[in-house]
Amino acid sequence: MFLEGKTALITGAGSGFGQKMAVAFAAKGANLVLNDINESGLEETRDLVLKQFNTQILLVKADVSNSEEVNEMAKKTFETFDNVFLLVNNAGIDGGLYTALKAKEEVYDKVFAINVKGPLNVTKAFFRRMKRQKQFHPISGKIINIASTAGTPNGHNPMLGIYSASKAALIAFTRLFALELGPSNITVNAISPGVFLTPIYNNDPKLIRQFLETRKVKIPIDKIGEAEWVADLAVFLASPTADYITGQNLIIDGGMTISINKL
Ligand SMILES: NC(=O)c1ccc[n+]([C@@H]2O[C@H](COP(=O)([O-])OP(=O)(O)OC[C@H]3O[C@@H](n4cnc5c(N)ncnc54)[C@H](O)[C@@H]3O)[C@@H](O)[C@H]2O)c1
């Protein structure tokens, strides 16, 4: 139980990957701070976790794009827990299907505010306290950013133009944070999922298949991903086995990005 006595904060924890990660971290002994803008989603995740594990959970409704709300979340977190070992920047939106140049200003403002400024707000609100967590020697804390294959050079999706650019920015921030926080024994990595069955795709495999066919994209391991697999990868990054991994973007996509040659 390598997360025993450690707190994991997950943004966007009311649905999809966030919900699965909450369960997976609790299974390793973590206490949880669950954040989302969707209160009923948060309650659903809490109930799901408590059905299986007896862990301490704080729910915080806050918009990650709003730094005041995020700072308030940090305050509440440290009123309840004495540490945040794991910070998972998972909240994100796709903003709809537009090419980069056809998206409206309100779309790119919103997508960048949640997908890029959000993780920056959250990391800024927590990193100082994470740096001082020497009790967890040799690693004081870990940050995991949930990016996307759309943010990688092989995976840019023209119809998710703004989303692709926002996730590329998050991958860049992952490296920058890793450089800045490495000397304080904090690791920072990104996970880039390909296509997974979550509410972002209405949990609809048909919709995903159509989407892949339109783009002539093949997944060599011919399966649509299951959200638990991303949660398992996050558990690996959170584990001591991954203590020497930082600044990396781990792609989990069944080989999709190696098979894309026509964009
Ligand atoms: N599902 C996929 O195939 C896939 C692939 C690649 C990357 N991703 C990324 O994984 C992450 C999670 O996606 P998911 O598929 O679980 O989607 P999801 O829609 O099921 O979950 C996202 C959660 O984020 C919350 N959220 C949205 N805006 C927020 C805000 N401003 N502040 C706080 N919470 C907010 C939503 O309410 C929702 O509960 C996202 O960053 C997404 O871009 C998903």
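Ser239 is buried in the predicted model, its relative accessible area being 6%, which falls under the 20% cut-off for a buried residue. The residue is placed in the loop that runs between α7 and β9 (249-252). When neighbours within four places in sequence are left aside, the contacts of Ser239 are with Phe2 and Lys142.

Helix α7, which spans residues 227-238, packs against helix α1, formed by residues 16-27, with the two axes coming within 8 Å of each other. Packed helices of this kind are described by the angle between their axes and the distance between the axes. For α1 and α7 the axes cross at roughly 50°. The crossing of α1 and α7 is right-handed. On the α1 side, the contact is made by Phe17, Lys20, Met21, Ala24 and Phe25. The α7 side contributes Ala227, Glu228, Val230, Ala231, Ala234 and Val235.

Aromatic pairs were searched for over the whole structure, and 4 were found. One of them joins Phe78 and Phe126, with 5.8 Å from centre to centre and 50° between the planes, a tilted arrangement. Phe78 belongs to helix α3 (residues 67-80) and Phe126 to helix α4 (residues 105-131), so this pair ties together parts of the chain that are 48 residues apart in sequence. Phe78 and Phe126 are both buried. The ring of Phe78 also has a charged group over it: the charged end of Arg129 sits 3.9 Å from the ring centre.

A further aromatic pair is formed by Phe85 and Phe136. Here the centres are 5.3 Å apart and the planes are at 80° to each other, which makes the pair edge-to-face. Phe85 is located in the loop between α3 and β4 (86-89), while Phe136 is located in the loop between α4 and β5 (141-146); the pair therefore ties together parts 51 residues apart in sequence. Both members of the pair, Phe85 and Phe136, are buried. Over the face of Phe85 lies Lys6, at 4.2 Å from the ring centre.

Note on methods
Residues are numbered from 1 along each chain as its sequence is written. This is a predicted model: local features need pLDDT of at least 70, side-chain atom pairs count only at pLDDT 80 or more; totals for chains, interfaces and linings use all residues. Side-chain values use heavy atoms; hydrogens and water are left out. Rings of Phe, Tyr and Trp (its six-membered ring) pair if their centres lie within 6.5 Å; planes under 30 degrees apart count as stacked, over 60 as edge-to-face and the rest as tilted. Helices (H or I, at least four residues) and strands (E, at least two) are DSSP runs, numbered from the N terminus. Buried means under 20% relative accessible area, exposed over 50%, partly exposed in between (1.4 Å probe, protein chains only). A charge sits over a ring if NZ of Lys or CZ of Arg is within 6 Å of the ring centre and within 35 degrees of the ring normal. Axes are lines fitted to C-alpha atoms, for helices over the stretch in contact, and angles run from 0 to 180 degrees between N-to-C directions. A crossing is left-handed if the near helix is turned anticlockwise from the far one by less than a right angle, and right-handed if clockwise. Contact means heavy atoms within 4.5 Å.
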